[in-house]
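These notebook entries record what I looked up in one structure.

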Amino acid sequence: MTSSRKQDTSDKIMNVAIDLMADRGYNGVSTEEIATKAGFSEKTLFRHFKSKQNLLETAFQRYHYAGRMKDLFDENIKWDLHADLLMISQTYHRIMYQNRKMIQISARGHKDLPGFQEATHKHPQQLKEFLTEYFREMCEKGKVIKTDPKRQAVAFLYMNYGAAMGRINKDPILEVIPIETFIEESVSIFTRGLTP
């Protein structure tokens, strides 16, 4: 019960911090303001997180996509190129959009946060590794053409990252096509390009 209460407290503090920092930036919010808005003392915030940067890094690790993507690759891959890439892309976009506030904080405040950018890059690095291994195995199974699996992974990752960031930043180019249509079209093109 104590562990659950501690988790609830941590989650409340992280969620308030994310909302405030997304609105005003990392340096625009104090730990006292975060704690007060979450309904706790600043001492409680420091007991749970030690520092404002650690609070943000903990939130990023908890809510970003590496763990969910690992589960997806471990449990849901069907070895059908189109179906797998569609599932990966849809999951990626869903998580990126859910975490848009953290991503905006990261994009705006990384210069003020020593080591934060390196910590946040662990997620795309891990996804690149999952995709590389997937494409390597698909090649071994004869289900994709023989190319460099790492390059395929990077191309697929950045195709999705670019669209996700455009959506998060409300890029007018993406207003003419719903994200679901973009995902379906881009996965279809990618699949056609890799199918033997």
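**Entry 1. The whole chain.** I first looked up burial: buried residues make up 44% of the 196 residues in the protein. Buried means under 20% relative accessible area, exposed means over 50%, and partly exposed lies in between, with a 1.4 Å probe and protein chains only. I note that this is a predicted model, in which local features need pLDDT of at least 70 and side-chain atom pairs count only at pLDDT 80 or more, while totals for chains, interfaces and linings use all residues. Residues are numbered from 1 along each chain as its sequence is written, and side-chain values use heavy atoms, with hydrogens and water left out.

I then listed the elements and found 11 helices and zero strands. Helices (H or I, at least four residues) and strands (E, at least two) are DSSP runs, numbered from the N terminus. The C-alpha trace spans about 60 × 40 × 30 Å along its principal axes. Among contacts between residues at least 6 apart in sequence, 73% join residues at least 24 apart; contact means heavy atoms within 4.5 Å.

**Entry 2. The burial of H5.** Which residues of H5 are buried? I found Ala 66, Met 69, Leu 72 and Phe 73. They lie on the same side of H5, because they cover an arc of only 120 degrees around the axis; the arc is that of the directions from the helix axis to the C-beta atoms. The face of H5 turned away from its buried side carries the exposed residues Asp 74 and Glu 75. The cover over the buried residues of H5 includes helix H6 (81-98) and H9.

**Entry 3. H5 with H9.** I looked up how H5 (residues 66-75) meets H9 (residues 122-140): their axes come within 9 Å and cross at roughly 10 degrees. H5 is therefore roughly parallel to H9. Axes are lines fitted to C-alpha atoms, for helices over the stretch in contact, and angles run from 0 to 180 degrees between N-to-C directions. Angles under 35 degrees count as roughly parallel, over 145 as roughly antiparallel, 65 to 115 as roughly perpendicular and the rest as oblique.

From H5, Ala 66, Met 69, Lys 70 and Phe 73 meet His 123, Gln 126, Leu 127, Phe 130, Leu 131 and Tyr 134 of H9. I counted seven nonpolar residues, two polar and one charged in this contact of H5 with H9. Ala, Val, Leu, Ile, Met, Phe, Trp, Tyr, Cys and Pro count as nonpolar, Asp, Glu, Lys and Arg as charged, and the others, Gly among them, as polar.

**Entry 4. H5 with H6.** The axes of H5 and H6 come within 11 Å and cross at roughly 165 degrees, so the two helices are roughly antiparallel to each other. H5 contributes Arg 68, Met 69, Leu 72 and Phe 73 to the contact, and H6 contributes Met 87, Ile 88, Thr 91, Tyr 92, Ile 95 and Gln 98.

**Entry 5. H6 with H9.** I found that these axes come within 12 Å and cross at roughly 175 degrees, so H6 is roughly antiparallel to H9. Leu 81, Asp 84, Leu 85, Ile 88 and Tyr 92 in H6 meet Leu 127, Leu 131, Tyr 134, Phe 135 and Met 138 in H9. The contact of H6 with H9 holds nine nonpolar residues, no polar and one charged.
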